[in-house]
Amino acid sequence: MIDRYSWWEYVLIYVGLALFLIFALAPFFEAFLVSLRPLDGLFSIPYRFFTDDMSFDAYISMWKSVPLLWRYMLNSFGVAVAVTLFGLMAIVPAAYAFARFEFKGRDALLGVFLAVNMVSGAVLIIPLYKVMQGLGLLNTYFAMIAPGTAFVIPTGIWLLRSYLMKIPRELEEAALVDGAGRVYTLVRVILPVAMPGIMVVAIATFIAAYAQQFLYALTFNSVNELNTLPVGLFQFFGRQNVVWNEMMAASLVGILPVMIVYVFLQKYIVAGLTAGAVKE
Amino acid sequence: MSAHKKIDWFPYMLLVPASLITLIIVAWPLAETIRLSFTDASMSPETQYVGFENYQKMFSRRFPEVIARTFYWMMLSVTFKIVVGIIGAVLLNAAVPGRTLARLLIMPPWIVPIAVGVFIWGWMYNGQFGMISGLGQRLGLLAGPFEFLAYRNSAFMSTIITDVWIGTPLVTIYLLAAMQGVPRDLYEAAWTDGASRMYRFRRITLPLIMPSIATMSLLSAIWTFNSFDIIWILTEGGPRNATTTMIIDTYKTAISRFRYGEGSARAVMIVIFLALFSGFYFLMIQKLSKRGDIK
């Protein structure tokens, strides 16, 4: 009964949602339209959404123009997966320490990690370049993975910590009383229970890692085969005589993998945020 | 309790992986940035300490203008994101058919790599071919083709709109989650008392999700302050510096002009600003929570 709306409330809600969705999706729609137009048909007065000369030719010819498109997609995916895995290896134990233990300097250390959120790769780019050079990582995947990992850690710790704090302590105490070691307790008792929270952090990390692949690849990598999708496209894009329809076709195909991952895992994002991370 | 209580090393061990990578990728580069900011480091191999010269130079050269612009850009962008995010969360929280699909469909701007989304926006803003100029002309709002990125004011607003497009989905979904955490019996009690929907929103929803709004505003402000890809790809800080924020100014000075010392001084300023900003913000939240407005 409380959820019953009057007709004008329905109108208001749907009009609002429609406006919201148009804002969110219009660029993808535009990219799709452009990808279907032949190069000499891009310009039309007055502006029209659909024209007679549309075809899917660009989706075939783009593989010739951007021969490494497959590589870029694989690289982006691989880098994002690696950042997620390395990130979790750092996030999970740290979040557990902050959630469960009293130790000297805990709050200060947590503050330091959260403060990392305030700096970004762009601010530290000069010394970061030196670090990558010093470690011999320039022009390797690790030059894109390592900075990405460092900057996803703080948010990950924050999200997972609040999730872990809600797990009853009795679980561990029972395991410890039974004589289980503390590492064993973490791996075999806490991790399974915390899986939904870890899933949320993993997905958030993956998406963040996928989104932020521009600066590091642009600055630390000059080997075309290793480029991530955004930089690969950017360099194709930056050339003279941009082949716009192919550019848009390649962008849309390039983002397909992350969209598929999202569609399959999206319930964890909303459900996970609702169940664990936010509610006090 | 004995004075020589043995230190439990286990929690510290758990922090080793996170600390190690943070030291290498964040802490050392930050210290090095501070050191470089007191030098005249550039492409040349000789580097000298110059004291506060970089900072003095910086402030004599229209830097205050860049600071003001950065804050203006950030405030506008964050305000849009939070307002649109709250409205969006309310709409997506309404129990109407199709809301699951709508929740799914608002997220793509946040999912796709930022740079790829921005390429598409670059096309949207194109005066000859783009959708916005095209539709504007068709609807009679524009007299002719309009290059959104070619004029100072429109370029400024265009970069903000793209930033809002990318940042709003996360804000929305975060606030939606917070709204779903509000106990249902509160609404039911108010409803029984005859409180209108608007009244319930103002007196129950809004106060209870205020901590989440505050947290998101701070995070969003920090991300927006550090926003690099969007402006760099769309305008590279132009036209005539109209979209040069502090982070763009830093990158231009250090990477495009190879003035590492001066660039580092700018980077240090960014960190100081963000630290002050966050400190002020936390104080405000603490004060509010003491007053009882935020629980």
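This is a predicted model: local features need pLDDT of at least 70, side-chain atom pairs count only at pLDDT 80 or more; totals for chains, interfaces and linings use all residues.

Residues are numbered from 1 along each chain as its sequence is written, and chains are lettered from A and ligands numbered from 1 in the order in which they are written.

Chain B has 14 helices and 0 strands; helices (H or I, at least four residues) and strands (E, at least two) are DSSP runs, numbered from the N terminus. The C-alpha atoms of chain B fill a box of roughly 80 × 75 × 35 Å along the principal axes.

How are two packed helices described? One gives the angle between their axes and the distance between the axes. In chain B, the axes of helix α4 (residues 63-93) and helix α9 (residues 152-180) come within 7 Å and cross at roughly 45°. Such axes are lines fitted to C-alpha atoms, for helices over the stretch in contact, with angles from 0 to 180 degrees between N-to-C directions. α4(B) and α9(B) are therefore oblique to each other, since angles under 35 degrees count as roughly parallel, over 145 as roughly antiparallel, 65 to 115 as roughly perpendicular and the rest as oblique.

Finally, 77 residues of chain A are in contact with 82 residues of chain B, contact meaning that C-beta atoms, placed from the backbone, lie within 7 Å. On the side of chain A that touches chain B, helix α1 (residues 7-36) of chain A gives the largest share, 15 residues.

Conventions
Two residues are in contact if their C-beta atoms, placed from the backbone, lie within 7 Å.
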